[in-house]
Structures are given as C-alpha cells and as structure tokens.
Amino acid sequence: MSGVGEHDTRALLVRWRGGDMHARDALFAAFYPDLRRSAAAMLRGERGCSLSTGDLVQESVARLVALDRIDWADAQHFKALSATMMRRALLDHLRSRRTNKRKHEKVELLTGVALDDPDCEIERLSAALDDLARIDPERADIVEMRYFGGLEIRDIAAVLGCSEATVKRRWASARLWLLAEMSDA
C-alpha cells in the first residue's frame with residue numbers, strides 16, 4: 001500500500017467504522033493506487049469494454065461505502081473486500097451490456113478457454129467460482145483475492161491466517177479445478 005503504514009491504516013479503518021468520513025476519504029486516497037492496479041489487472045484482457053479502470057475503481061468504492069460501518073480487520077481485509085466489489089461491478093457491467101443488446105468483443109481471461117458468446121467467459125468463471133465456493137470457500141476466496149483483487153500471496157496468507165506455501169498450493173489447485181470446470185461446461 002502506498003503512503004500510509006499498517007498502524008495508520010487500522011486507525012483510519014476504525015475511525016471510518018465509527019462514522020468519520022474524513023478517515024474514509026483518507027483511506028481511499030491512500031489505497032487508490034492499489035485499487036487502480038487491481039482494476040487494471042482485471043480489465044487487461046477485456047477488449048471492447050466501455051468500462052475504464054477509473055470507472056471500475058469508482059464503482060467498487062461506491063459499493064464499499066454503501067457497506068456502512070463494516071468491521072474492518074486490516075488493510076488486507078480492505079483489499080480483499082475491494083476485490084469482491086470489483087468482481088461484482090465488472091459482472092454487473094457485462095450483464096447490463098448484454099441486456100442493452102450491444103455488440104462487444106470476447107472477454108479473454110487467463111483460463112485459455114475459448115467461448116463463442118462474447119460476454120460469457122467472465123460469467124462462466126464467476127459461476128465456476130461460485131460452485132467452488134460451495135465446495136471450498138477458502139479456495140474461492142483465494143481466487144477472488146488473487147485474480148480479481150491482484151493481492152500478493154503474502155497478503156492473502158495474512159488475510160487467511162495461514163502460510164504462504166499453503167496459499168500457493170490452494171491457489172494452484174483452485175486454478176486447475178476452475179479450468180476443468182470451465183472446460184466441461
């Protein structure tokens with residue numbers, strides 16, 4: 001995270017939880033570069049998408065603000081929840097785009113699974129991720145934080161309270177499971 005230490009982050013999170021909007025604004029200002037990097041990574045394979053990095057960040061910030069007084073644990077918790085909000089915002093955008101019956105190009109993700117429907121790969125990934133969450137919620141959380149949130153292995157380990165080696169193993173197995181699940185669909 002840029003510009004603010006872990007102690008300062010926790011203080012800002014506690015003050016925001018207590019209703020301090022200046023603390024909330026300071027927190028988003030400090031995390032903005034990280035949120036932009038995560039949004040850029042999420043949109044990198046997206047061609048023909050009208051949603052910009054800034055739009056995705058703003059939408060996820062609006063969703064985080066709407067949570068109102070969540071019990072934030074630390075910076076990693078904030079980043080993990082930001083990843084969830086970005087994923088939801090991107091999915092909502094894709095669904096809305098389809099509803100408006102506009103022609104858009106295919107979303108290409110790291111899965112390498114070729115699809116005929118231009119907007120459905122991210123939705124298939126999301127559906128497969130939801131299936132994984134029913135089977136193994138922790139592995140689904142790892143995928144969401146790593147893929148959608150761009151969190152580093154060490155940050156995910158801190159959020160989950162396990163070793164980096166454990167996160168690496170679970171990340172690898174979750175990716176293989178998702179690839180198999182998406183290939184079968």
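Guide: What follows is a walk through the helices, the core they share, and a few residues along the way.

This is a predicted model, in which local features need pLDDT of at least 70 and side-chain atom pairs count only at pLDDT 80 or more, while totals for chains, interfaces and linings use all residues. Residues are numbered from 1 along each chain as its sequence is written, and side-chain values use heavy atoms, with hydrogens and water left out.

Helices (H or I, at least four residues) and strands (E, at least two) are DSSP runs, numbered from the N terminus. Of the 185 residues in the protein, 45% are buried, where buried means under 20% relative accessible area, exposed means over 50%, and partly exposed lies in between, with a 1.4 Å probe and protein chains only. Among the contacts in the protein with a separation of 6 or more, 60% are between residues 24 or more positions apart; contact here means heavy atoms within 4.5 Å.

The core comes next. The largest nonpolar core has 47 residues, and those with the most contacts inside it are Leu 56, Phe 78, Leu 90 and Val 143. Such a core is a set of buried Ala, Val, Leu, Ile, Met, Phe, Trp, Tyr and Cys residues joined through side-chain atoms within 4.5 Å. Two or more residues of this core come from each of H1 (6-17), H2 (21-43), H3 (53-66), H4 (75-99), H5 (120-135), H6 (137-148), H7 (153-160) and H8 (164-184), and H4 gives the most, with 10 residues. In soluble globular proteins, nonpolar side chains tend to be buried together.

Helix H4 also holds Ser 82, which is buried at a relative accessible area of 2%. Leaving aside neighbours within four places in sequence, Ser 82 is in contact with Leu 35, Ser 60 and Leu 64. Arg 97 lies in helix H4 too, and at 2% relative accessibility Arg 97 counts as buried. The C-alpha atoms of Arg 97 and Ser 50 are separated by 9.2 Å, although these residues are 47 apart along the chain.

H1 passes H2 in a left-handed crossing, a term used if the near helix is turned anticlockwise from the far one by less than a right angle, with right-handed used if clockwise. In this pair, Thr 9, Leu 12, Leu 13, Arg 15 and Trp 16 of H1 meet residues of H2 including Met 21, Ala 23 and Phe 31. By class, the contact of H1 with H2 has 9 nonpolar, 1 polar and 2 charged residues, where Ala, Val, Leu, Ile, Met, Phe, Trp, Tyr, Cys and Pro count as nonpolar, Asp, Glu, Lys and Arg as charged, and the others, Gly among them, as polar. Arg 15, found in helix H1, counts as partly exposed at 41% relative accessibility, and beyond its neighbours within four places in sequence Arg 15 is in contact with Asp 20 and Ala 23.

Helix H6 takes part in two further pairings. The axes of H6 and H8 come within 9 Å and cross at roughly 90°, which makes H6 roughly perpendicular to H8. By class, the contact of H6 with H8 has 7 nonpolar, 1 polar and 4 charged residues. The axes of H6 and H7 come within 10 Å and cross at roughly 140°, which makes H6 oblique to H7, and the crossing of H6 and H7 is right-handed. Here Glu 138, Ile 142, Met 145 and Arg 146 in H6 meet Ile 153, Ile 156, Val 159 and Leu 160 in H7.

Ile 153, in helix H7, is buried with a relative accessible area of 12%. Not counting residues up to four places away in sequence, Ile 153 touches Arg 146, Glu 164, Val 167 and Lys 168.

Note on methods: Axes fitted to C-alpha atoms, helices over the stretch in contact; angles between N-to-C directions. Parallel < 35°, antiparallel > 145°, perpendicular 65-115°, else oblique.
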